[in-house]
Every structure is written in structure tokens, then in C-alpha cells.
Amino acid sequence: MAAAAAVAWLRAAVLLFVAQVTCEYGMVRVVSEMGGPKGKDYCILYNPQWAHLPHDLGKASLLQLRDWTASMLCSPSDLPAKGFSNQIPLVTRGNCTFYEKVRLAQGSGARGLLIISKETLVPPGGNKTQYEEIGIPVALLSHKDMVDIFKSFGRAVRAALYAPNEPLLDYNMVIIFIMAVGTVAIGGYWAGSRDVRKRYMKHKRDDGPEKQEDEAVDVTPVMTCVFVVMCCSMLVLLYYFYDHLVYVIIGIFCLASSTGLYSCLSPLVQRLPFGKCRVPDNNLPYFHKRPQVRMLLLALFCVAVSVVWGVFRNEDQWAWILQDALGIAFCLYMLKTIRLPTFKACTLLLLVLFIYDVFFVFITPFLTKSGNSIMVEVATGPTDSATHEKLPMVLKVPRLNTSPLALCDRPFSLLGFGDILVPGLLVAYCHRFDIQVQSSRIYFVACTIAYGIGLLVTFMALALMQRGQPALLYLVPCTLTTSGALALWRRELGMFWTGSGFAKDIPQPSWAPAAAQGPQPPKESEATLSQQPPGEAQVLPALPAERPPELTEPKGVAGVSTQEPVGLSGASA
């Protein structure tokens with residue numbers, strides 16, 4: 001019995017997969033018989049196994065569209081007295097199979113059949129024998145579109161069914177590629193440089209209010225497990241309670257993205273020559289630290305941008321630009337704040353999320369009643385959602401092609417933040433390792449290129465399969481394999497795996513004197529590079545009359561390597 005049940009479940013899964021593959025979008029061009037407004041296209045969902053639709057509108061027959069939605073068309077008594085000769089009837093979905101409806105319509109002379117559905121459109125399925133018997137196209141049209149047809153064109157209308165070819169890839173993929181790779185490269189570079197700079201500057205007494213930065217959070221194996229469990233739980237909760245939780249996610253995004261935008265813009269604002277005056281002494285929360293006026297204005301600006309997006313988030317014409325800008329700022333902030341201390345930690349996190357992504361995209365369609373992927377359903381918003389809200393945790397760019405099928409398929413191409421953040425953490429680790437072992441950023445460049453190649457492979461898979469893809473399925477192998485193979489080739493795999501190439505303290509340059517010789521004064525150039533805050537003096541021993549020969553700085557040391565933070569040469573004096 002158990003074996004029979006397993007075989008039946010597998011057969012049902014295969015049939016579900018086949019049904020998803022054979023389902024295609026098409027168009028119905030509607031024009032008024034009385035002239036009037038220009039024709040308009042509406043989306044239909046059809047199964048080409050019943051009958052194929054022409055790809056060219058010019059080859060499609062323009063037939064009379066007859067409203068027969070008062071009937072279910074499940075028995076001969078539901079047919080009109082004179083039949084549907086050379087017409088395309090509109091009938092209501094329900095009470096019988098698609099085959100029974102289309103068989104009756106074809107027998108009465110119909111040239112096609114449109115089934116009106118108030119629910120989610122599903123492919124009109126059948127079996128091989130039924131497909132061979134039927135010779136007219138059958139498709140589903142949403143009830144909302146039917147109402148719009150009769151409201152815009154009246155009752156006397158003609159319609160043509162066709163299925164235009166759609167480009168394999170839209171040009172918006174180029175924009176998404178540039179944004180994703182650029183975010184990973186900039187975020188990884190910034191995070192790596194900032195982390196190493198803090199390691200070398202931690203012994204300096206540079207703790208002014210504008211110099212302090214948020215501490216990075218090292219990811220531990222326990223944190224990785226907790227994070228994945230939370231992701232799974234939240235995804236399942238969103239699938240079942242989407243309309244209630246979507247506003248919570250939108251609120252969290254507004255707060256997190258405004259914080260990220262502030263973090264990204266504050267280094268630029270601090271370079272401005274004005275607005276340096278501070279808030280007077282007070283006991284108010286946060287303001288008691290006497291922040292600069294320009295930083296307060298920046299905080300207000302970031303909050304305002306986030307609020308504007310929150311209010312106008314459903315304006316498809318331009319709100320996606322704000323969402324992408326806030327999303328990129330959020331990703332950069334997270335890459336700067338979260339740190340993977342070893343390649344071992346990178347491998348654990350990426351592999352666990354790799355399995356998570358594949359499971360929720362490819363496996364869950366066989367576990368849900370609707371046959372939809374939980375990941376795709378949540379990311380794009382359920383079709384039966386009462387709020388029609390979309391999750392903002394994605395980069396989105398509208399389709400740029402002129403295919404009419406853009407009406408049917410999703411009008412935006414999406415890339416989740418996780419597909420940027422997860423590989424980006426590995427890129428940041430590679431950059432930190434580059435600086436520590438002085439490898440001319442070879443790990444950083446190689447991992448960034450591998451990310452770009454993985455993203456291109458994702459786009460190719462999307463074009464070939466014509467269904468949502470788990471990007472980590474392609475990004476994780478590309479980035480992990482490339483960085484690991486590079487470390488193996490350079491014979492640094494041990495250090496790369498454990499992170500042992502990272503200095504726990506400030507390294508001692510080879511030309512520096514031993515500690516037993518006592519502290520030595522830095523050169524004037526080194527004192528300049530140390531950039532002491534105004535008003536903070538550095539206690540130094542008295543300068544000798546002449547610098548000993550053994551302390552003479554070697555040629556070229558004053559020009560600090562571009563791989564090291566500014567001020568490194570004087571950090572260990």
C-alpha cells in the first residue's frame with residue numbers, strides 16, 4: 001500500500017509538472033463591431049495541446065465574441081438554439097470538465113472557446129485522447145478582463161486569439177545585472193577595506209563622535225542555523241498569512257533601508273565643508289551626543305525618501321526606482337555590518353542557503369495544493385491576495401520589450417536581496433583576505449567575476465525554462481568553487497579556510513625597531529597620516545638630535561601600498 005501510494009504521488013507530481021510546462025500565455029485582441037475605440041489586447045491562459053494559436057495577429061481570424069456566461073455549458077441544453085457558428089463563446093467556469101465544455105462548443109460550430117474565471121487562471125487540461133478529438137483553441141480569461149471588454153467596447157465585439165513570440169531575455173536583465181554585480185563589488189570592497197582598517201586603527205585613541213562606526217557582527221554556525229530556521233518559518237508564514245504579514249515586512253524595509261541609506265551617504269556628507277556646527281547641550285535621547293547639523297539633515301532626508309516610497313510604493317511608473325535605490329543601500333549596509341570570519345563559515349552559510357533556495361523553488365510545488373512554488377508565490381505576491389501588495393525585498397526593473405505578453409506575465413523582472421547579500425559576504429571575505437596576505441586583490445576580483453558569471457547562467461536558465469529560478473543554485477557553486485580553487489592553486493587553502501591569514505593584532509613591519517629598544521618617535525609624514533582628531537594630543541618621547549641609522553625609513557615606505565589602509569606605516573611605532 002505504501003509503495004502504491006508513493007507511485008501515485010510521484011505520478012501526480014509528474015502530471016503537475018507536465019501541466020505547468022504545457023501551460024502558455026496568449027492574447028485576445030478585441031475590437032468593436034461599431035468602430036469606436038482602438039482595439040485592445042487581453043491576457044489569456046491556454047493549453048497548446050488542445051489547439052495551437054497563430055503567432056502573428058495578421059493570421060488570426062477575427063470572429064464574433066458571444067457572451068454566454070449565464071450558462072456553464074455542461075450539457076446540450078445549455079447550447080443556444082442556433083449554435084455558435086463561427087463565433088467564440090464566453091462561458092462560465094465550473095460544474096464540469098474543460099473537455100465537456102469545449103466538446104459541446106466545437107459540436108455547435110464554435111471556432112474557439114473562452115472560459116471566464118473569477119479565480120486564479122489554471123491551464124485547461126485534458127488527456128491525450130481528448131486532445132486528439134478537439135480542434136479548436138480553448139483558453140481562460142479573467143472575469144475582470146471580461147467586464148472591461150464589455151465596458152470599453154459594448155456588447156457587439158469581435159476577437160482574435162493569438163500567441164505572439166516573446167524574446168528569450170528582456171533588456172531589463174542588463175540593468176539588473178549591472179545593479180547586482182555593482183552592489184556586490186562595491187559592498188564587498190567597502191566591507192573588506194573598512195574591516196581591515198578598523199583592525200589597524202583599533203589602538204589609536206580616535207574615538208570622537210564622528211569617528212565611531214558600528215561594529216561588524218561575526219556570523220557563527222549557531223547564528224547560521226538560527227537564521228535559516230527563521231527564514232523558513234517566515235517564508236511559510238508569508239505563504240499562508242500573506243495579507244497580514246506583508247505590511248510588517250514593508251514597515252521593516254522602510255526602517256532598514258533608511259538606516260542603510262544614511263550609512264552609505266554619511267561618509268560623503270562628512271566631507272562637506274559646511275554644517276559642522278553641533279546641537280547645543282541637552283538631555284534628549286540621541287541628541288545628548290550633540291550630532292552635527294548636517295548629519296541631522298541627512299537623517300531627515302533618508303527618512304523622507306523611505307516615507308515617500310512607502311506612500312507611493314504601488315506607482316509602477318517610478319516607485320521601482322526608489323525601491324531599487326533603497327534596496328541597494330540596504331544591501332551595502334548589511335554587507336558592511338555582517339562579517340563571515342572564515343571561509344569555513346562562508347561555505348556553511350552558502351551551502352545551507354543553497355539547499356533552502358532549491359527546496360522552496362523546485363520542491364514545494366509538489367507539496368502545495370495549488371502546485372505553485374512557495375518562494376515564487378511569496379516573492380511575486382499571491383494572485384488571490386486581497387491587498388495586491390508586493391514584498392519589497394527585491395530589486396525590480398520593468399520589462400522593456402514591446403511584446404503583448406508583458407500584460408500576462410509579470411511586468412517586472414525580480415532579483416531577491418538574498419541573491420546579492422549571500423554571495424556578497426563571500427566577496428567581502430575575499431577582499432579582507434587579499435589585503436591581509438597582500439595578494440593584489442586577486443581573490444576579490446576572481447570572486448566578483450564568478451558572481452557575474454553565475455548571474456548570467458541564472459538568466460540563461462530562466463530563458464530556457466521560462467519559470468522562476470533559485471539564483472543561489474548557480475551563484476553558490478560559481479563563487480565557492482572559484483574562490484576555493486584559487487586558494488588551492490596559490491597554496492593558501494589552509495589559511496583561507498580557517499582565516500588564519502588575518503592578523504589578530506597590528507602587524508610589526510620588518511624595518512621597525514624591537515620593542516626592547518623603547519618607543520620611537522614617528523616621522524613627520526607618519527604623524528600626518530595618523531590624522532589625530534583636533535584637540536587630541538599624542539604623548540611622544542623627546543626627539544633625539546639625530547635619527548639613528550638603523551631607524552632610517554627604507555625607500556618607498558612613505559608611499560603606503562594601496563592595499564593597506566592609510567596610516568598603517570605609523571600604526572605600530
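Gln438 is exposed, with a relative accessible area of 53%; exposed means over 50%, buried under 20% and partly exposed in between, with a 1.4 Å probe and protein chains only. Gln438 sits in the loop between helix 12 and helix 13 (442–465). Helices here are DSSP runs of H or I with at least four residues, strands are runs of E with at least two, and both are numbered from the N terminus. Phi of Gln438 is near 55°, a positive value in a residue other than glycine. Ser440 belongs to the loop between helix 12 and helix 13. Its phi is near 55°, again positive in a residue other than glycine. At 57% relative accessibility, Ser440 counts as exposed.

This is a predicted model: local features need pLDDT of at least 70 and side-chain atom pairs count only at pLDDT 80 or more, while totals for chains, interfaces and linings use all residues. Residues are numbered from 1 along each chain as its sequence is written, and side-chain values use heavy atoms, with hydrogens and water left out.

Now the chain as a whole. The protein chain has 16 helices and 11 strands. Of its 573 residues, 44% count as buried. Take contacts (heavy atoms within 4.5 Å). Among those between residues at least 6 apart in sequence, 74% join residues at least 24 apart.

Helix 12 (residues 418–437) packs against helix 10 (residues 343–363) at an angle of about 165°, with the axes 10 Å apart. Axes are lines fitted to C-alpha atoms, for helices over the stretch in contact, and angles run from 0 to 180 degrees between N-to-C directions. Helix 10 and helix 12 are therefore roughly antiparallel to each other; angles over 145 degrees count as roughly antiparallel, under 35 as roughly parallel, 65 to 115 as roughly perpendicular and the rest as oblique. On the helix 10 side, the contact is made by Phe343, Cys346, Leu349, Leu350, Leu353 and Asp357. Helix 12 supplies Asp419, Val422, Leu425, Leu426 and Tyr429. These residues divide into 9 nonpolar, no polar and 2 charged. Nonpolar covers Ala, Val, Leu, Ile, Met, Phe, Trp, Tyr, Cys and Pro; charged covers Asp, Glu, Lys and Arg; the others, Gly among them, are polar.

The axes of helix 7 (residues 242–269) and helix 9 (residues 319–337) come within 7 Å and cross at roughly 70°. The two helices are therefore roughly perpendicular to each other. Residues of helix 7 in this contact include Phe253, Ala256, Gly260 and Leu261. Those of helix 9 include Leu326, Gly327, Phe330 and Tyr333. By class, the contact has 9 nonpolar, 6 polar and 1 charged residues.

Next, the interior. In soluble globular proteins, nonpolar side chains tend to be buried together. The largest nonpolar core has 75 residues. A nonpolar core is a set of buried Ala, Val, Leu, Ile, Met, Phe, Trp, Tyr and Cys residues joined through side-chain atoms within 4.5 Å. Those with the most contacts inside the largest core are Leu415, Ile420, Leu426, Tyr451, Leu455 and Phe496. Leaving aside neighbours within four places in sequence, Tyr451 touches residues including Ala180, Val184, Leu415, Ile420 and Leu475. A second, separate core of 22 residues includes Val28, Leu63, Leu90 and Ala139.

Glu24 lies in strand 1 (residues 24–32). Glu24 is partly exposed, with a relative accessible area of 33%. The C-alpha atoms of Glu24 and Ala139 are separated by 9.6 Å, although the two are 115 residues apart along the chain.
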